[in-house]
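Student: I have a protein model open on my screen, and I would like to learn how to read it. Could you walk me through a few features?

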Amino acid sequence: MTRLARRLLAWHQQHGRHDLPWQHPRSAYRVWISEIMLQQTQVTTVIPYFERFMQALPTLADLAEAPEDRVLALWEGLGYYSRARNLHKAARLCVSEHDGDLPADFDSLVALPGIGRSTAGAILAQSHGLPYPILDGNAKRVLARFHAIEGWPGRSAVQKQLWAVAERHTPDEQVTDYTQAIMDLGATVCTARNPGCIDCPLSGTCEAHRLGDPTRFPGRKPRKEIPERSAYLVIQASDGQLLLEKRPPAGIWGGLWSLPVSEECPGGVDAEAPLIRHAFTHFRLNLTPVLLESSRASNAVMDNGGLRWCDAQAASELGLPGPVRKFVDAYFAGNIQWQKPFIA
């Protein structure tokens, strides 16, 4: 066992997180769901989503049997919805190909949708105690600083270095605690900004600390100018209902329900309604709501089999993108503050 592993385990015993909901019980299914939710999402944000998800779909069989709309509704607000769609697909594959269980071997796990090398390692280490390394964002930061590994982890050469040291430090014993410890240290002490080196059990042998510049590691992702796109939210209301459209599986908000989105303003209206701004990973989207008369709406909105009239209750049971959900809820509550009504 390396010195880093020994010190992390000693630190974890006293300072680590031992009461996370997916730790009690620490089944493969619960670890899997938590690991997918924790991708690019903070623990404090994930906990209520995890608890609600487990209450609704407590077993892998429940997840596999659930309609996709139900899974996406439970995921609503966590973002990166491909994670939820992949969970659903993987659960159904487990039923059809693995006797209804999440496989306990590495190759079978990484063959499932949405499970990469680090997630597979976390599932095997956390739920089966098998010595597989992990390399989530927190582990990358801890290891990059401890070894002063230069460069952005998204580059293949840097990634290769980090996997090599992750494998070296992963112990054969107490791997469940070690995996949790390195994630906890990165989340609570070795943070991206203002790392708490004075409280870190690794600071005495950490190269980044010795160099006096821990935030230099890991290297930052090269900046790119983020483009902006504009579109219109098509609002058709009738008898207290709104017309919603199921988004295609690929693209933004894949598989979710939304107000129909049009790149051109329906009816040629020069709209000036308040913009809804939303940032994606690779671009920013500006949406302008446009209200259509029923007589014009049927010509403006193509029926592709994925349209549904919904009242407030029906809409609450579907998965909607965050910004659209806020607008729909405000509309049903009568709280839309139009600068000017726009009727096409």
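Predicted model: local features only at pLDDT ≥ 70, side-chain atom pairs only at ≥ 80, totals over all residues.

Student: Is Gln126 buried or exposed?

Tutor: Gln126 has a relative accessible area of 4%, so Gln126 is buried. You will find Gln126 in helix 8, which covers residues 117-128.

Student: What does the side chain of Gln126 reach?

Tutor: The side chain of Gln126 reaches the backbone oxygen of Thr176, at 3.0 Å. Not counting residues up to four places away in sequence, Gln126 touches Arg26, Val31, Thr176, Thr179, Gln180 and Met183.

Student: Thr179 is on that list. Which helix holds Thr179?

Tutor: Thr179 belongs to helix 11, residues 175-188. Its relative accessibility is 1%, so Thr179 counts as buried too. Leaving aside neighbours within four places in sequence, Thr179 is in contact with Ala125, Gln126 and Ile134. Try the distance tool as well: the C-alpha atoms of Thr179 and Pro131 are 9.3 Å apart, while 48 residues separate the two along the chain.

Student: How exposed is Ala164?

Tutor: Ala164 sits in helix 10, residues 156-169. With a relative accessible area of 40%, Ala164 is partly exposed. Its C-alpha atom is separated by 9.5 Å from that of Pro133, 31 residues apart along the chain.

Student: Now for pairs of helices. What describes two packed helices?

Tutor: In general, two numbers: the angle between the axes and the distance between the axes. Here, take helix 2 (residues 28-37) and helix 3 (residues 43-56), which pack at an angle of about 140° with their axes 10 Å apart. Because of that angle, helix 2 is oblique to helix 3. Their crossing is right-handed.

Student: Which residues of helix 2 and helix 3 meet?

Tutor: From helix 2 come Tyr29, Arg30, Ile33, Ser34 and Met37, and they meet Val46, Tyr49, Phe50, Phe53 and Met54 in helix 3. Sorted by class, this contact has eight nonpolar residues, one polar and one charged.

Student: Why do residues three or four places apart in a helix point the same way?

Tutor: An α-helix has 3.6 residues a turn, so residues with that spacing point the same way.

Student: At what angle do helix 2 and helix 8 pack?

Tutor: Helix 2 and helix 8 pack at about 145°, and their axes are 9 Å apart. This crossing is right-handed. Ala28, Val31, Trp32, Glu35 and Ile36 of helix 2 meet Thr119, Ala122, Ile123, Gln126, Ser127 and His128 of helix 8. That contact divides into six nonpolar, four polar and one charged residues. Notice our friend Gln126 in it.

Student: Which residues of helix 15 are buried?

Tutor: In helix 15 (residues 322-332), the buried residues are Pro323, Val324, Arg325, Phe327, Val328 and Ala330. What covers them includes strand 1, strand 2, strand 3, strand 5, strand 6 and helix 14. After helix 15 comes Gly334, with a positive phi near 75°.

Student: How many helices and strands are in the chain?

Tutor: The chain has 15 helices and seven strands. Of its 344 residues, 48% are buried. Its C-alpha atoms fill a box of roughly 75 × 50 × 35 Å along the principal axes. Finally, among contacts between residues at least 6 apart in sequence, 67% join residues at least 24 apart.

Note on methods
Residues numbered from 1 in each chain as written. Heavy atoms only, no water. Axes fitted to C-alpha atoms, helices over the stretch in contact; angles between N-to-C directions. Helix = DSSP H or I, 4+ residues; strand = E, 2+ residues; numbered from the N terminus. Parallel < 35°, antiparallel > 145°, perpendicular 65-115°, else oblique. Left-handed = near helix turned anticlockwise from the far one by under 90°. Contact = heavy atoms within 4.5 Å. Nonpolar A, V, L, I, M, F, W, Y, C, P; charged D, E, K, R; others polar. Buried < 20%, exposed > 50% of the residue type's maximum accessible area, 1.4 Å probe, protein only. Polar contact = N/O pair within 3.5 Å; in protein donor to acceptor, adjacent residues only side chain to side chain.
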